Structure formats: structure tokens, C-alpha cells
Amino acid sequence: GVGGLRLGWWEDRAVSGQVDAGVIAAIRKAAFGFASLGAHFVDDAVTFDTEGVDEAWRVLDFVDRYASLGEKLYSDVAARRKLTPYARERFAWAKRISGAEYSRSVRRRAEFIRSFQAGFRNCDLVLSPTLGFTAPAISSVGPAQRIPALVAHTLAVNFAGCTAVSIPCGFVDGMPIGLQVIAPP
């Protein structure tokens, strides 16, 4: 059960203009329903500074993949032809990242992990939307292009090294919505 757990609520305000207020309200209602099961919500809203997190993740993810295998595949012309356009574009982008950009991304991740750790000082679990709107139709985008609002809450949790689960919590306009439950590493 959840009786006695201290819960915090988090919404990524950086993407507030890209979310559906009705979806957020429905997820928030489901989250605060845990109070009826004996959980207690902390008075202070949980906040995490997500500025630059999406870009830092992209640098670290793409460059690490390039370093581990991509460089070998990308530099071999015959092997490169066998790669998907997605992989070729990601490796080409990663190849251009400087050591300074990579270092700034490592530093940003360390700062972000500390902000997540601070978020758990007063609560056992943090609840948030999994996605701030119903699942959209996605037009084709390049692999290096990101849609930050799609991963605003989930990428941040993964980037911080936390554990999370998405719990289905209803429907809005016939589409499912989810409540993310986040725990410390």
C-alpha cells in the first residue's frame, strides 16, 4: 500500500505551452487520489531545473554511441552504406561534437542529478504526468531533431538515473493517459 508515503507532484513548466491542460488536470486528479489511500502530499511543489537537459542527453547519447561502435561503422564506406539513414545522420551529428560540448553535457547531467536528489529530501516518491498531452500523430522528423515535449518528464527521469513506472490512469478524448511514479535510484 501507499499509506504513510510522502508524495511530491512535479510538472515540467519548461514545456507548459506544449501541454494540454485537460490532460494535466486528469493526471493530477489521479495522482492526488493516492491521498485517499493514506499517502501524504508534501506542501512544496517539487521542481527540477530541466533547462538544457534535452540537449545534454542528446550529446551524451549520440556521442557515446558513436564512440562505442559508430565511428568504426561510419568511417568504413561499405559499412556506412548499410546503415539506416537514421543511424548515418546520428553518427554524422555526433562526429561534429567537440570535447568542450561533451564536457558541458557531463557537467549538466551531474548538476541535474543533484537537483533530483534534492527533490527527494522531503518525499518518498514524485508523481508527474508521463506525457502532458494525448499521443500525437508524429510526422517524419530527422533523427537528430528532438521533440522535447514528448519526453519532458520521462527523459529527465532517465537522465537523472532514477526509477520510474507509468501507470495508466484514464482517458482524455478517447486516448489513454499515464501517471508517472518516480523513485530515487
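## Strands and the sheet

Two strands pair if DSSP finds at least two bridges between them, and the strands themselves (E, at least two residues), like the helices (H or I, at least four), are DSSP runs numbered from the N terminus. Strand 1 (residues 6–9) and strand 2 (residues 40–41) are parallel, with two bridges between them. Strand 1 also runs parallel to strand 3 (residues 125–129), this time over three bridges, and Gly-8 has Val-126 of strand 3 as its bridge partner.

Zoom out and you get an open sheet of five strands, ordered 2-1-3-5-4, with mixed pairing. Strand 2 and strand 4 are the edges, each with a single partner strand, so one side of each has no neighbour in the sheet.

## Ground rules and overall layout

Residues are numbered from 1 along each chain as its sequence is written, and side-chain values use heavy atoms, leaving out hydrogens and water. As this is a predicted model, local features need pLDDT of at least 70 and side-chain atom pairs count only at pLDDT 80 or more, while totals for chains, interfaces and linings use all residues.

The protein chain has six helices and five strands, and from the N terminus they go β-α-β-α-α-α-α-β-α-β-β. Its C-alpha trace spans about 60 × 35 × 30 Å along the principal axes. Of the 185 residues, 39% are buried (under 20% relative accessible area; exposed is over 50%, partly exposed in between, with a 1.4 Å probe and protein chains only). Take the contacts (heavy atoms within 4.5 Å) between residues at least 6 apart in sequence: 76% of them join residues at least 24 apart.

## Helices

Helix 1 (residues 21–32) lies across strand 1, strand 2, strand 3, strand 4 and strand 5, and runs at about 50 degrees to strand 5. Axes here are lines fitted to C-alpha atoms, for helices over the stretch in contact, and angles go from 0 to 180 degrees between N-to-C directions.

Helix 2 (residues 53–75) packs on helix 4 (residues 85–95) at about 105 degrees, the axes being 8 Å apart. That makes the two roughly perpendicular (65 to 115 degrees; under 35 is roughly parallel, over 145 roughly antiparallel, the rest oblique). Residues making the contact include Trp-57, Phe-62 and Tyr-66 of helix 2 and Arg-90, Phe-91 and Trp-93 of helix 4. By class, the contact has 10 nonpolar, one polar and seven charged residues (nonpolar: Ala, Val, Leu, Ile, Met, Phe, Trp, Tyr, Cys and Pro; charged: Asp, Glu, Lys and Arg; polar: the others, Gly among them). In helix 4, Ala-87, Arg-90, Phe-91, Ala-92, Trp-93 and Ala-94 are buried, and helix 2 is part of what covers the buried residues of helix 4.

## Cysteines

A search of the whole structure turns up zero disulfides (pairs of cysteine sulfur atoms within 2.5 Å).

Most residues other than glycine have a negative phi. Asp-173 has a positive one, near 55 degrees. Asp-173 belongs to the loop between strand 4 (163–172) and strand 5 (175–183), and is exposed, with a relative accessible area of 73%.
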